Amino acid sequence: MTVRTTQVITYTHPDVLSRGVAEGWADPEPDPTQIDWAPRQAAAAVPFRVVDGRPLNPFAPTGIRYGRAELGHWGEQLCADAIVTAFTEDGRRLVMVERGDGHGWALPGGCVEPGEKPAEAAVRELKEETGLALEGVWDVLPARYVPDPRASDEAWMVTVPARLHLGTARREDLPVPVAADDAAQAAWVRADSYAVLVAHLADTYEGRLFAAHEEMLYDLLG
């Protein structure tokens, strides 16, 4: 008779407990059972359960059962992403940044700060990562779970996409994004469809799409 065992993986990246706590992007509490979960559950954009005092990713399993993997926040971390598009002579363009952490090309975005609305966070992150301060009416889309490759069963990302379309313009007349903050590059990339976007990143930048944004951009671009 063969006895099969299931390996339970526990992992938190060392940067979370050192640099993350020091810089303020990680919860200083190493034991999630010591956290008062009621307020976090009440504020969550996507409902989640707490089992034996530990948060449970509503889309688990991720492969890491216990610990925070590479994320700093126990439970849900609410983020916002800026989706800025325009039509040009060669099709639809989308503002994207190459992440400085090696996880590929992504929408400009980041964590929603306490007291900040998601749309405000999207506008702020766009300016911080690309230098673009754009006026217009932002369309705030419903919050959605994103399969962040840095997540675990106890720490995960939820984002609120905010969309701004600039209409039709010549490519040379579009505002020029300049990489800043934690972005390595920033550019208007071709995005007539999801397939075009993926091919453009590979052919032009030898890049790949950030895994957490694949499903979202597939849904948005078709």
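**Ground rules.** I count a contact when heavy atoms lie within 4.5 Å. This is a predicted model, so local features need pLDDT of at least 70 and side-chain atom pairs count only at pLDDT 80 or more, while totals for chains, interfaces and linings use all residues. Residues are numbered from 1 along each chain as its sequence is written, and side-chain values use heavy atoms, with hydrogens and water left out.

Entry 1: I started with Met 157 and skipped residues up to four places away in sequence. Met 157 touches Leu 71, Gln 77, Cys 79, Tyr 145, Val 146, Asp 148 and Arg 150. Next I looked for nonpolar cores, meaning sets of buried Ala, Val, Leu, Ile, Met, Phe, Trp, Tyr and Cys residues joined through side-chain atoms within 4.5 Å. Buried is under 20% relative accessible area, exposed is over 50%, and partly exposed is in between (1.4 Å probe, protein chains only). The largest core has 18 residues, and Met 157 is among those with the most contacts inside it, as are Trp 37 and Phe 48. Two strands, E10 (144-146) and E11 (155-168), each give two or more residues to this core. The largest share, 4 residues, comes from E11. My helices (H or I, at least four residues) and strands (E, at least two) are DSSP runs, numbered from the N terminus.

**Entry 2: aromatic pairs.** How many aromatic pairs does a search of the whole structure find? It finds 5. Rings of Phe, Tyr and Trp (its six-membered ring) pair if their centres lie within 6.5 Å; planes under 30 degrees apart are stacked, over 60 edge-to-face, and the rest tilted. Trp 37 and Phe 48 are edge-to-face, at 6.0 Å centre to centre and 85 degrees between the planes. Trp 37 is in helix H2 (residues 37-43) and Phe 48 in the loop between H2 and strand E2 (49-51), so their pair ties together parts 11 residues apart in sequence. Trp 37 counts as buried at 6% relative accessibility, and Phe 48 is buried at 9%. I also noted that Trp 37, Phe 48 and Trp 156 form one aromatic cluster.

**Entry 3: charges over rings.** For this I needed NZ of Lys or CZ of Arg within 6 Å of the ring centre and within 35 degrees of the ring normal. The charged end of Arg 40 sits over the ring of Trp 37, 5.3 Å from its centre. Likewise, the charged end of Arg 99 sits over the ring of Phe 210, 4.3 Å from its centre.

**Entry 4: strand E6.** Why do I call strand E6 (residues 91-99) largely enclosed by the rest of the structure? Because 7 of its 9 residues are buried. Then I checked its pairings (two strands pair if DSSP finds at least two bridges between them). E6 pairs with strand E5 (residues 75-88) in the antiparallel sense over 4 bridges, and the two form a hairpin with 2 residues between them. E6 and E12 run antiparallel, joined by 7 bridges, and Arg 93 stands opposite Arg 190 in E12.

**Entry 5: Val 178.** Is Val 178 buried or exposed? Val 178 is exposed, with a relative accessible area of 52%. Its place is in the loop between E11 and strand E12 (183-190).
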